[in-house]
Amino acid sequence: MNRQKEVKFCFLLLLCSMLSIPVKGKEKATAFRVFDLRSEYQTNPIGIDVSPRLSWRVQSKQRGFSQVAYQVLVASSLKQLNVENADVWNSGKTFSSQSVGVAIYNKVLESRQRYYWKVRVWKNAREVSDWSAPASFEMGLLSADDWKSGWIGYVPGMPGRVLYFKGTFTPRKYIKQARAYVSGLGFYELYINRKKVGDHVLDPAQSSYSKRVYYATYDVSRCFNQTANSIVVPVAPGWLGTPRLRMQIEVTYQDNTTETLNSDSFRSVIGGPIVSSTIFDGENYDARLDTDKLYMPGIPQGLMNEEWAWAHNTDDPTGKMVAQKIEPIRVVEEITPTLKQEVRAGVYVFDAGRNLAGWVALQVNGKRGTKVSIRYAETLYKDGTVNQENLRNAKSTDTYILRGGGTERWEPAFTYHGFRYFQIEGLPDKPRKGDIVVKIVRTDVAKTGAFECSDSLLNAIQKLVVNTEASNLHSVPTDCPQRDERMGWLNDLTVRIEQAIYNFNLSRFYPKFIDDIQDTQDAKGTITCVAPFRFGMRPADPVSASYLLLAQKCYEFYGDKRIISAHFDGMKAWVDYLCARTKDGIVDYSYYGDWCPPREFLADPNGSGVSKDTPGKMISTGYLYLCCKLLSDMAKVLGKQEVALRYAHIADETAKAINRHYWNEETGGYASNNQASNSFALYLGIVDANHIQRVVNNLVEDVKKHDYHLTTGNLCTKYLLEMLTEYGYIDVAYKIASQTTYPSWGFMLSNGATTLWERWEFLTGDAMNSHNHPMMGSVGSWFYKYLLGIVPEFEHPGFEEFTIRPYMPQELTFAKGSLETVKGTIKVSWKKEGNMLTMDITIPENTKAKVYIPAKDKKAITEGNRNISHVKEITWLTERDNNIVLLVPSGNYHFRCKL
C-alpha cells in the first residue's frame, strides 16, 4: 500500500514538473507589472503641443528586476487599443531597458486628437508582463492656423482695472465634447454659469510675451446647459500691464458636427468687483459691484455706454502660442492662523505660524460699504503692528468692501503675498475661529524628497529649506515672494537647482524655465540676469551657469535628453560670448560673484552684497570653465565629438588661466586664500595634484580659525560643505551645518526664522532684507548627496544607475530619507549602534546602484543573515577610501557591518 502511494506521489511530482516547463515559443506571465504611465511627464494630459515622450514604471515582487525589452502600442481610440490594433504606432518588441522618455517615431500627430496607449515589458526571453492599464494624451492646437481667435482688449479706458469679458452660448444640440483653449494676460479665470472652470490660479505661467504665450486647455464638456450659458472671463494686468484675452471654445455635438466660439463671442467688456489687482500692491474688491447683470446670459444693451464697452482687436502680444505643460499654480494648503493680538481697537494682527506665499481668505458679515483691509508682512514692530519696510515699494495690501445683507466670503484672485503676519482692519466684529484662513499658493509640483536624522537642528534646517523653496515656485523660481521683485534670478539658481530637484518634482518646471532663459537671448548670445527679463542686467553675470545646469540636472534626474538637444545651440552661444569676454583667459566682468557673505566680509558692509575677499572675476572665470565642461559633456550625449573636444580644450586652457592668475604659491591657496576661493577651486577640479593637500589644509584651518563658521556667500557655501566632505572632513562640514551662532542656519532658526533669509544677518528696513530667500539653501542638497548619499550619474541618466554613498559624521547616530525618481522610490537609512552599522536601502525596479559601505573587509558585511558573498544579486566591485563598493540591483536590502 505504501509502495502504491509512493508511485502515485512520484507520478504527480513528475506531472507537475512537466507542466511547469514552458512550451517552446510561449512567453511566461510573471509577477511584475507595469504602472504609472506618463506622457511628457504627465498623467493623461490634454492640450499638449509636442510629440510626447512616454514613460512607465515597473513593480516586481522579486529582487533584481531589469527590463530587457518593451512594446508600446498607440491607437486612435480605446476600442482599437483594447483589441491591440495599434493604428498609430507599434514599437514592436524593442530590446532596451529604457522606460523613460520613449519617443513616438516618425508619426505626425494631429491637433485636438486624443491618443491611447499601453505597454508591456520583458524581464527575459520568456517572462513578459501583462499589458498595462491604458493611458492617454490629447493634442492641443499645433498650428497657428488652428487659432480662429485673435487677441482682444480694451485700450481706450479703464486703465489698471481688471476687465471682465463676457459672452453667451446656447448649444444647438446635445454636446459630446467641448474644449476651451484660453490665455488671458496677465492673469485670468474662466467662469461658465458663474462657476469657475478648473482649480488653477494666477494662470497663465509667466513668459516673455513677445516670444511665447502660454495657453491652457480645459475640458468643459459638462459645464454647459442646453439653454443659454454665460461665459465670463475676468483678466487682470498681471505682468503684462494691460489685460488681453485670446480664447476659443470648440464644441463637438453628439452627431460629430462642430461649433467654434472665437474672440468675436466675448467682446462685451466691463469693469467688475475686482476694481484693481497688481502683483506687488495687492487686490481691491468691491462686492457691491458683484451684480447679477455681470453673469446673466445675453448681450448687454447699449454697448459703449458708461458701464459696458466693446473689446477691440489688438496686435499684441506677439509671442507664439504654446501649450502650458508646467503644473499650474494652485492653492496647495490651508492654515488656520492664530490671532496674535488686537493691537488697538479693531486692529487685529494674526500669525500664520510660518513664512509663506499666498493670501488670506475672509468670512465676514456687516453693513454695506464697510471696508476691510489686510496688510501683509514678514516681521512686526515692537508695538505688534506689521512691519512692511523690507517690502520696499510693494504695498502688499488687499481690501474688501462689503455688499451687506448676510455672510460674505472672499479671497483675492490675481495677486499673492509673501508673509507670516497680517494685520486686518475694518472688521465689523471680532473675528471668530474659521473666519480667517490662510491659503498657501504655489506651482503644484509634487514633493519628492524626505530627509531626517538624529540631529533635530538639521531636521529643522531641512524644513526651513523646503518651506523657502515652496514659497518661491510661481511658474518661475523666484528669489523672494514678498517685495517689489519676485524674479527668476539665474545667479541664485546656480546653487539652488540641486536642492530643489531633490525636494520637488521639477521635470516640467525646469524645462519651462530654461525656455524662459532662451527667450532672453540675443543675437550675440547674451542672456539676462533674470528670466523672463523684467529686472537686472544684460549680459547676465557669468555665474549664471544655471542655464547649462538646468539641462544637465534634468538629464541626470529625469532622463530628459530633449532639453539638451533643444537648447544646445543657445547654451553654446552663451559660452562663446563668455569666451569672447576673456583677457589672458580671465573673464573681464563680474556683478555679483559670491554674493552676500557675512557682513564683515563685504566690500561695503552698508552697501551691496559683493565680497571683499573673493575676486569676482575669478568666480566668473571659474563658471566659464564649468560651463565649458558641461557643454563638452552634453555634446558627447548628442554625438558631437568634435564640439566636445573643442570645449574640453577651452576648459583646460581656462583652468590654466585661473591657476596662472589666482594660485598663490606662498600661501598655498587661491586669491585671498579664503574659504570661498579655495572651495570653489577644489569643486571645479582645477587644483594641481601636488597642491590639493595644501589647499584642503588651508580650507580646514580657515574654518577652524573662524570657530567652525562659514565666511562664504550664496554660491560658495555649497562648495565649502561639499569639498570638506569629499576630502575627508565630514565632521568639519557637519560642525558648520549644525552651528547655532552667527553666521549659520541655526542662527536664523534661533531668531525665529521659518524660511531662509537673504542675508546671514537678521535685518529689516528698506534694503535687501528678504526673510524668504532660497539662495542660501544649498545645504539642502548636502543632506541628500552626502548624509544620505543618493547621487544620480550623468553617464546613466534618469537613474538607470546611481550611487548610494552616505558620509557619517561622528555626532550623527542615524540618517534616513527617500527620493521619488522616474524609476521609483529610493530609500536609504543608516544607524550606528555601538560599533555596529546597519544600512537599509531600497532600489527601484529597472535600475541598480553602486553602494558604498564603510567597512574594511567585505567578509565583515552581511545582508539579511548571510555574508554578502552568498547573496547572488550582489556584485563586489572594489574597495575605495575605506569603503566596500557593491553593485546592487533592485530590491530591499538590510546590511550590517562593524564600524
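Q: Which way does H7 pass H9, in a left-handed or right-handed crossing?
A: H7 passes H9 in a left-handed crossing, a crossing being left-handed if the near helix is turned anticlockwise from the far one by less than a right angle, and right-handed if clockwise. This is a predicted model, in which local features need pLDDT of at least 70, side-chain atom pairs count only at pLDDT 80 or more, and totals for chains, interfaces and linings use all residues. Residues are numbered from 1 along each chain as its sequence is written, and side-chain values use heavy atoms, with hydrogens and water left out.

Q: And which residues of H7 and H9 make the contact?
A: On H7 they are Leu548, Leu549, Ala551, Gln552 and Tyr555, and on H9 Cys627, Leu630, Leu631, Met634 and Val637, where contact means heavy atoms within 4.5 Å.

Q: Switching topic, what is the strand order in the open sheet?
A: The three strands are ordered S2-S4-S7 with antiparallel pairing; strands are DSSP runs of E, at least two residues, and helices runs of H or I, at least four, numbered from the N terminus, and two strands pair if DSSP finds at least two bridges between them.

Q: Which strands stand at the edges?
A: Strand S2 (32-39) and strand S7 (102-103) do, each with a single partner strand, so one side of each has no neighbour in the sheet.

Q: How many bridges join S2 to S4?
A: Six bridges join S2 to strand S4 (residues 53-60), and the two run antiparallel; as one of the pairs, Ser39 has Leu54 in S4 as its bridge partner.
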